[in-house]
Amino acid sequence: MRNFILGIVVAFVLAFVGVFFYFDLGLAPVATADKPMPMEAYFAKKALHARISRETPKRDVSGFTTADLVTGANVYQADCAFCHGLPNGTKSAAANGMFPAPPQLFTPDGMVTDDPAGLTYWKVKNGIRLTGMPGFRASLSEQQMWDVAALLARADKLPPEATSALKPAVVDPPDPPAANPSASSPAVTAPEWKDARQISPAELAKKLSGPAAGRPVVLQVGFKVLYEGGHVPGAIFAGPASTAEGAARLKTEAGKIARDKEVVIYCGCCPWEKCPNVHPAYDELRKMGFSRLVVLLIPQDFAHDWIGAGFPVQRGR
Ligand code: HEC
């Protein structure tokens, strides 16, 4: 009996020493390209499943509308595509170098269409520890997390509106340095709004997809329903400047922006020179001292000249 107990103790000590040296001597895999540890995948999966099956919310997402899926697609485009890829897109360099690899969620092998949406929602909300999968509970709303879960549940049969929101963004090479240094100095705001500097939708979309330093602040100075229906990604709702309430909101929002920052304003309810909002907004911002004020050229309206032309759109608040 004594020997038996001794045997057990020795076995434990040896096992402990073995594990200690395995880590201490640098035998354990730590690079993403290393082979997995013995039973690593098994334990990781087991722990994950045990936790998730306790917490997965049940929700039928088959009733989610096209608009919900488009919201999901915009979230995906902004927060997930970098690792999980787009339909027909290629894998990013980061995705190629991760362990575990992020499944490409729009390829037949990577789709999670068989998972209940609640499972995907849980993963989006909480992330998966010790993998590259971030948790989004602090950065996305409940609705956004469900919308993206619903999108992935239906990844193989999406409505065309959602698919078109998942097109790869056109990335332009950075602009070459200006040959003439004065050409890159900030344009001075014209005193007359009719002489205002103008930017075309294509030029603005290009700037917004370019390096962060070159992106202007975009203020939507139109009506709220227009803004919620779809706006330039990242645009701030500054209120219709033709109303007293809108003008007050514009002052508050603009007050937070550095005066030498390039600011693009648009409304989009109608052609820009006829618009009731762009003109007063321009005058107000000029008074506030913005030195690089630009008006987005909208020959007809936002729906036609921006959304209809296929530029990226963000919906909701
Ligand atoms: C920085 C990279 C990265 C980003 C960004 C990212 N993920 Fe992940 N994701 C991963 C990795 C890596 C895994 C694999 C984890 C594993 O193997 O356990 C994963 C796993 C998943 C899974 C589980 C897939 C399966 O087959 O079970 C889902 C679903 C998922 N991610 C959805 C999303 C969504 C939705 C977003 C955006 C809101 C997102 N991820 C953003 C890296 C990322």
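**Note on the predicted model**

1. Among contacts in the protein between residues at least 6 apart in sequence, 67% join residues at least 24 apart. Two residues are in contact if their C-beta atoms, placed from the backbone, lie within 7 Å.

2. This is a predicted model: local features need pLDDT of at least 70, side-chain atom pairs count only at pLDDT 80 or more, and totals for chains, interfaces and linings use all residues. Residues are numbered from 1 along each chain as its sequence is written.

3. The protein has 13 helices and five strands. These are DSSP runs, numbered from the N terminus: helices are H or I, at least four residues, and strands are E, at least two.

4. Buried residues are 28% of the 317 in the protein. A residue is buried if 20 or more other C-beta atoms lie within 10 Å of its own, exposed if 12 or fewer, and partly exposed in between; C-beta atoms are placed from the backbone.

5. Helix α7 covers residues 142–153. Ten of its twelve residues are buried. Among them are W146, D147 and L151. The cover over the buried residues of α7 includes α3 (66–79), α6 (117–126) and α8 (160–164).

6. The C-alpha atoms of the protein fill a box of roughly 100 × 50 × 35 Å, taken along the principal axes.

Note on methods. The expected span of a helix is 1.5 Å times one less than its number of residues.
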